[in-house]
Amino acid sequence: MSIPGIRDRKIEDVGLQAGVDRLTEDQIQKTIKKVLKGETGAKLKLYAETCMRCGLCAEGCHYYMSHDKDPSYAPVSKVRQTMWEILRHNGKVSPEFIYGCAQIAYTECNMCKRCAHYCPLGIDIGYIISVVRRICHKLGVVPLYIQDTAHSHSATMNQMWVKDDEWPDALQWQEDEARDEIPNLRIPLEVEGADIFYSVIGPEPKFRTQLIYQAAVLMNETGQSWTMPATPGWDNSDMAMYTGDYEVMGRIKRAHFDTAMRLKVKRIVMGECGHAFRSIYDMGNRWLGWKMHPVRVMHAIEFYHELLEKGQLKIAKTFDTPVTLHDPCNIIRGRGLMDQAREVVKAFCPNFVEMTPNREHNYCCCAGGGVINCGPPFKNVRVEGNKVKAEQLIRTGVPVVIAPCHNCHGGLEDIIHAYKTGQELKFLIDIIYECMEKPDAVE
Amino acid sequence: MRLASSWDWEPGQRVVLESTKCSEEHEWQEEFYASPDGERLACVVRLSDFESGVWVNGEVWESRFDRVWYPRFGPDNRLTVLAQAEMDWTVATEDAAWEDSYTYVWGTRFSEDGAHVAVSVQQDGAYGMIVDGKIWDTLYENANNFTLSPDGSRSAAAVQAIPMGQAEVAKFKAGVFTVAVDGQAWDKIVMNAWTPVFSKDARKVAAQIRLTHFDYAIAVDGGLWPDTYQMVWEPVFNPANGQLAAPVKAGGAWGVAIDGLMAWKPRFFQCWQPVFSRNGQRLAAIVAPEYGEFTVAIDGQPWSWTYPVIDQVVLSDDGSCAAARAKDNDEKWTIIKDGKPWERTYDMVFSPAISPDGAFAAAKVEKKGQHRIAVNGHELETVFDQAWDPVFNPEGDKILVRGLSQGKFLRAVVPVEQYRY
Amino acid sequence: MNAAYEFVVGPLAWIAGAIFVLGSIYRLVSMYALAVKKDYSSLPYMDLKYSLRSIIHWLNPFGTAGWKASPWTAAVTFIFHICLIITPLFLLGHAVLLETFHGIEWPTISDGLADGLTMLVIAGCIFFIIRRATVDKLKYITSGMDWFVIFLVLATFLTGFAAYHQWLNYQFILILHILAGEAMLASIPFTRLSHMIFWVFIRGYMGSEFGKVRHAKDW
Ligand code: SF4
Ligand code: SF4
């Protein structure tokens, strides 16, 4: 049953091993049947039946392209090694097989959907992989680190075990910091009826507080009516979506949207994150029964673009170092923000160089889909699996890469380091903050 | 609401404050908060780089702090703030601070009569609650989902009872969380516990529980309902008879179970925000009879009118009438009352209020940045720069309107009879 | 031999046709019912405009990332499918049958053209077979079903070609051809060939999600 491919590159992970150690074939079959019968329908059936095994999707995947076209990394091959086998055996597969399924589904597919541009049939490999992950979750076979993150989501409603007090405390601290620069700056907490709820991802109050600082400066200096909650529900990130724990995904998305509705804001503006956007805009809302986001969600790029268009964000100086732009899957392929992203970049950076392929066809950072959250054991999987990205970066020949997404940052950082491209990574807000007019700033 | 009987219900409009300016030299004033009875207006005022104060009706409290936040009026119209002095935090009600100070406090809550004030606390890295200045005897590694009983006599939270290191997945699965009531943790330790809630008499506590990654349950006083579910949402107690209701998911669909037995057959795509009427006769909840279509169900019967988003159901005392906020496909909000929406839609509709007999629903509404109060779909004349949610008098024939207009703080009592349908 | 011929062009043709038509209807209806029941968070996003947008783009052999990445396969795929559909539909021999048995007049293409198209289909089959047998990524994913459908098509067109050119025993080959053709027709709803009836919906769904929700192209 085990096929050359994943079985030849097994990576030890405590979470996966502990998970499969408890399993028997009968248990596996029972769980799989329940998931397939209860949670899948025509979509999976049609994908399984009508995939022509033509292999055209192969060239779509950065893993395949980066591994010298090793056939086992082709999108369809990942499904061939997982779901097709599961269906063929009616769910009666071995624990060892499940280990392989989990390793493929969690670490060898970013669910980036780039392959969707290559499959003539219109088969959604990302979706099939998400079903495999759902099965693995139900079987308790999930990589340790991302499982811990999902646990954090369930226990604290945020990704990083940030405790209830640490959140407002971090905001007040950033407010104090920013007042050195802009004396009347505020991070308004819990203001009912504000226009904007600015939401961030779990790591920001812990490791990337400068992003909160910069966003606060942007909000203040462009005169926005905005607020941040002082309660859980502030975090828009979602690793439960990626482990396949849809119940927890639903719970944290409800907490997020309920917070927005409690504050009676007109929209949620979120920082530069891709996967969180997917969770809020596409996945979490649907699981809860909302056809679209119940409170309008705006990704930072869209927001910056609006500020520029309305003339609220003014440019004090340009960022002259040549830059390139990495298109994050979840907001480009997932929301079509490629033009707005370019307009914002070009407004500040006169020396903008496209990387190719780009826009919808851009290669994923290989950190997305929860892969980076699977932790150190799988770091090489994503670095080796994205040689094409490094080549893309090198071809641009520019010193600065803008990546308006947290996951992309993590992924690209490792790639830049491993392939020694020598580039510096920036968020858009880094550049905006540096180059915008700040009428209230002292100095 | 019964507290409201002592307020001034004389119909007519009154200027409570001619000016909302601060009497002292200051750097800025923050957002205003109005007392429920509309007699007082408060805000945090920053006096200098290192000093903040509390402004009420034009005067600044004598007590000064390094930092002040979360000014909130209790149901009895007393003002409570969270304040920091010398790095530590405390709570101050009406210019009187609690004796002790703590590493951090947040999340002020009041009893129904406002007599009791509780906050969440972190003291030297340990978590719990403080009620009226008295901190829990036992504090925990972590705590969240804090709650205070309606009478203010007891407090509870979801707590992490067992310490856990980084990425200790197995330990988490075995269970480290539970519910602590007045600081006493339940014996039953579980994977997750959420939204503990007290019965009206404060004798019982219920919570949502996750036993394994996919077995959800409802716990009452540390014991579990016999069945587990695919998922559960927040339970509520019936204020009249103490029964417990919770939305539960079984067989892929949502229903409501009462005291462990299925009461609303699971047939909804979603079901949440359950609420009992004051007399306990009726149970309402937000439900989605079809994917993407939400409405209110009363005793399991959904209204026929559906919206993409429904929020905040309120019930009349006897449960015969209900109202909720609703948002349409054009991102406009309205109120849906007894199955029928108001004719007009708004950029925003705030928390709805319903009269005790259910004849009237009222809410603050916003169009182009300006606030008005609407009753049964009719907008009252006064336009405010900022208004607060309307409050019905106990008889249900008048509403109290509070708002800021042209720099003045106004308070109006408006008879609503003419808006009866 | 005559009786056999009568049987394959008579009752058996009816049976094959019925299996194809009824089977396809059954598959479509039951698949839709399943989607309504189980894919309720996907189905409501179906959108005619964006379905067509996607379908039209993918009908251009040079218009998508996927086709561009494999131009040879794209070219063969298009020629193969076009010939595969046109040849049997408009072949004179088939039209004659329709006329004789049902009195229906049917447009036709010349025998010479049909012969050419048939050769293209056969060439296409050979291309796909070689590709499947030699390219690593295909070897990795190919199953019995994939061989079955390609050989079924090959058999049908090869025997048709042979019959037309009167190779070997004409009658025997003709019967073989009809049998293969009927087998192909009847297996459309129940094998990988079902992409013929489902493709527009699968493509349309992807197009709808990308167009309506994701505001991006899916090609
Ligand atoms: S990583 Fe992206 S391109 Fe590769 S198989 Fe997964 S979704 Fe497709
Ligand atoms: S391109 Fe589509 S049909 Fe072809 S093998 Fe890949 S998923 Fe299957």
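Arg296(A) is partly exposed, with a relative accessible area of 30%; that label covers the range between buried (under 20%) and exposed (over 50%), worked out with a 1.4 Å probe and protein chains only. Its salt-bridge partner is Glu302(A), and their closest N and O atoms sit 3.6 Å apart. Keep in mind that this is a predicted model, where local features need pLDDT of at least 70, side-chain atom pairs count only at pLDDT 80 or more, and totals for chains, interfaces and linings use all residues. Residues are numbered from 1 along each chain as its sequence is written, chains are lettered from A and ligands numbered from 1 in the order in which they are written, and side-chain values use heavy atoms, with hydrogens and water left out.

**Salt bridges**

- A salt bridge here is a side-chain nitrogen of Lys or Arg within 4 Å of a carboxyl oxygen of Asp or Glu, and the count over all chains comes to 63.
- Back with the opening pair, Glu302(A) has a relative accessible area of 8%, so it is buried.
- Salt bridges that share partners also tie Glu39(A), Arg134(A), Lys138(A) and Glu247(A) into one network.

**Links between chains A and B**

- Arg186(A) pairs up with Glu30(B) in a salt bridge, with 3.3 Å between the closest N and O atoms.
- That pair crosses between chains: Arg186(A) is in the loop between helix H10 (166-179) and strand S1 (196-199) of chain A, while Glu30(B) is in the loop between strand S2 (28-29) and strand S3 (33-34) of chain B.
- Helices (H or I, at least four residues) and strands (E, at least two) are DSSP runs, numbered from the N terminus.
- Arg186(A) counts as buried because its relative accessibility is 14%, and Glu30(B) counts as buried at 16%.
- Another salt bridge runs from Asp245(A) to Arg210(B), the closest N and O atoms being 2.9 Å apart.
- Asp245(A) lies in the loop between helix H13 (240-243) and helix H14 (246-262) of chain A and Arg210(B) in strand S20 (residues 205-210) of chain B, so this pair joins two chains.
- Asp245(A) and Arg210(B) are both buried.

**Chain B overall**

- Chain B has 1 helix and 44 strands.
- Its radius of gyration (taken over C-alpha atoms) is 23 Å, close to the 22 Å that the globule rule gives for 421 residues, so chain B is as compact as a globular protein of that length.
- The globule rule itself is 2.2 Å times the number of residues to the power 0.38.
- The C-alpha trace of chain B spans about 60 × 55 × 35 Å along its principal axes.
- Of its 421 residues, 59% count as buried.

**Ligand surroundings in chain A**

- Around ligand 1 you'll find residues including Cys61(A), His62(A), Lys78(A), Cys109(A), Arg114(A) and Cys115(A); a residue is near if one of its heavy atoms lies within 4 Å.
- The shell around ligand 1 has 6 nonpolar, 3 polar and 3 charged residues.
- Ala, Val, Leu, Ile, Met, Phe, Trp, Tyr, Cys and Pro count as nonpolar, Asp, Glu, Lys and Arg as charged, and the others, Gly among them, as polar.
- Ligand 2 is surrounded by 13 residues, the closest being Cys51(A), Cys54(A), Gly55(A), Cys57(A) and Cys119(A).
- By class, the ligand 2 shell has 11 nonpolar, 1 polar and 1 charged residues.
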